Amino acid sequence: MENFSSAHRKSKHALETLSKRVDFIAASKAEKFIGKSIIVQARPNSLETIRVGYTASKKVGGAVLRNKAKRRMRSLVNELKNIFKPHG
């Protein structure tokens, strides 16, 4: 898991991983985008970072499969954050 120190929170493109339950609960009350195999919940914040949390339910499988799914999600987010940088 990656948590960046305040020295790395310079741009809106720095990622911070959610780790506290209260943050996940707040995110669960946000707007949902439901796809065939994933649900994305997003809510705006006033921070200088993008905060991301990853969960995989037991429907995905056992612990090994859930961890593999979360690793894939983290990898995808890291790839996409470089593609969707605003210009300027």
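**View 1. T49 in the loop between β3 and β4.** T49 is found in the loop that links strands β3 and β4 of this predicted model. The relative accessible area of T49 is 3%, and T49 is therefore classed as buried, the limit being under 20%. In sequence T49 and A14 are 35 residues apart, yet their C-alpha atoms lie 5.2 Å apart in space.

View 2. V52 has its place in strand β4. With a relative accessibility of 15%, V52 counts as buried, because the limit for this class is under 20%. Once residues up to four places away in sequence are set aside, V52 touches L15, E16, T17 and L18. For one of these residues, L18, the C-alpha to C-alpha distance to V52 is 5.7 Å, at a sequence separation of 34 residues. V52 is also among the residues that lie nearest the centre of the largest pocket.

**View 3. T55 in the loop between β4 and α2.** T55 lies in the loop that connects strand β4 with helix α2. Is T55 buried or exposed? T55 is exposed, because its relative accessible area of 58% is over the 50% limit. Neighbours within four places in sequence left aside, T55 is in contact with F24, K70 and M73. The C-alpha atoms of T55 and R66 are separated by 8.1 Å, and the two residues are eleven positions apart along the chain.

**View 4. The hairpin of β2 and β3.** Strand β2 comprises residues 31-34 and is joined to β3 by four bridges. The two strands run antiparallel. Between β2 and β3 there are four residues, and the pair forms a hairpin. Within this pairing, E31 stands opposite A42 of β3.

**View 5. The largest pocket and its lining.** The volume of the largest pocket is about 1,400 Å³. Its lining consists of 38 residues, and those nearest the centre of the pocket are I39, V40, Q41, V52 and G53. Which elements each supply at least two residues of the lining? They are α1 (21-28), β3 (39-42), β4 (50-52) and α2 (63-83). Helix α2 gives the largest share of the lining, with six residues. Sorted by class, the lining of the largest pocket holds 23 nonpolar residues, nine polar residues and six charged residues.

**View 6. The whole chain, as context for the close-up views.** How many helices and strands does the chain have? There are two helices and four strands, and along the sequence they follow the pattern β-α-β-β-β-α. The chain has 88 residues, of which 12% are buried; T49 and V52 are both classed as buried. Among contacts in the chain with a separation of 6 or more, 46% are between residues 24 or more positions apart. The accessible surface of the chain amounts to about 7,300 Å², and carbon and sulfur atoms account for 56% of this surface.

Note on methods:
Residues numbered from 1 in each chain as written. Predicted model: local features only at pLDDT ≥ 70, side-chain atom pairs only at ≥ 80, totals over all residues. Heavy atoms only, no water. 1 Å grid on protein atoms, 1.4 Å probe; cavity = no way out; pocket = protein on both sides within 12 Å on 5 of 7 lines; lining within 4 Å. Points joined across faces, edges and corners; volume = space filled by probe spheres on them. Nonpolar A, V, L, I, M, F, W, Y, C, P; charged D, E, K, R; others polar. Pairing = 2+ DSSP bridges. Buried < 20%, exposed > 50% of the residue type's maximum accessible area, 1.4 Å probe, protein only. Contact = heavy atoms within 4.5 Å. Areas by Shrake-Rupley, 256 points an atom, 1.4 Å probe, with all protein chains shown as cover.
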